[in-house]
Amino acid sequence: MSWVKHKVAVLAAEPTEDAGLLLASWRAGDLSARNRLFALFYPELKRAAAAMVRREPGLSMSTGDLIHEAVARLMALNRIAWQDRAHFMALAARMMRRALLDHVRSRKRLKREHQKVELTTRIAGEPDIEIEELNEALDRLASIDRQRADIVEMRYFGGMEIADIAQVLGTSESTVKRRWAAARLWLLEALTPDA
């Protein structure tokens, strides 16, 4: 049993805690607050990780593995200036994306026989995309417009709602919707092979 599942089981009986207070306590160095925070956010992390793993046929990484890797990366950040739940989930989405990408790259480096890892973007008529190609395209988009790349990362990899993304970015929901649509179209063009 992973320590995350253990913490969830142990803390399940505790009343729901205020995420903002836990984030502030963790920032101040309280490791027990950090552990309670991960237990509190575990269901959201699990939903986001499950969606990512479900999109990847033949992936040898489980939902739990992806969560564990993201949590380990988040814990390494130590004293980040957490703002709120949405900020935490945005950063968790980034860590899950990196963990998934590192996993795919590691498998390729080991030169094991494996299936190609592809992402289904759910954009009508769009072909499935290999994660490394998507990562390269997101890096190019970030060099042009960091915020649009962040929106893709939070929405696609983190499964975050438009309202939460707007909160993280400090902008309106309608602005996030427009930028999400524009980013998807940009990525579609960037990832479509020339005919």
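A residue is called buried here when its relative accessible area is under 20%, exposed when over 50%, and partly exposed in between, with a 1.4 Å probe and protein chains only. By that cut-off, buried residues make up 44% of the 195 residues in this protein.

Two notes on the source. This is a predicted model, where local features need pLDDT of at least 70, side-chain atom pairs count only at pLDDT 80 or more, and totals for chains, interfaces and linings use all residues. Residues are numbered from 1 along each chain as its sequence is written, and side-chain values use heavy atoms, with hydrogens and water left out.

Now the overall layout. The protein has 9 helices and 2 strands; these are DSSP runs numbered from the N terminus, with helices being H or I of at least four residues and strands E of at least two. Along the sequence the pattern reads α-α-α-α-α-β-β-α-α-α-α. Taking a contact as heavy atoms within 4.5 Å, we can look at pairs at least 6 apart in sequence: 63% of those contacts join residues at least 24 apart. The protein exposes about 10400 Å², and 50% of that comes from carbon and sulfur atoms; the areas are from the Shrake-Rupley method with a 1.4 Å probe, and for residues only the protein chains shown count as cover.

Next, the charged pairs. A salt bridge means a side-chain nitrogen of Lys or Arg within 4 Å of a carboxyl oxygen of Asp or Glu. The structure holds 10 of these salt bridges.

Which side chain meets Arg85 in a salt bridge at 2.7 Å, N to O? One partner is Glu44.

As for cover, Arg85 is partly exposed at 27% relative accessible area, and Glu44 is partly exposed at 22%. Asp164, at 14%, counts as buried. The buried residues of helix 8 are Asp164, Ile162, Ile165, Ala166 and Val168. Just after helix 8, Gly170 takes a positive phi of about 70°.

Elsewhere, Asp145 and Arg148 form a salt bridge at 2.4 Å, N to O. Arg148 is partly exposed, at 25%. Finally, one network of salt bridges with shared partners joins Arg94, Arg97, Asp139, Arg146, Asp150 and Glu153.
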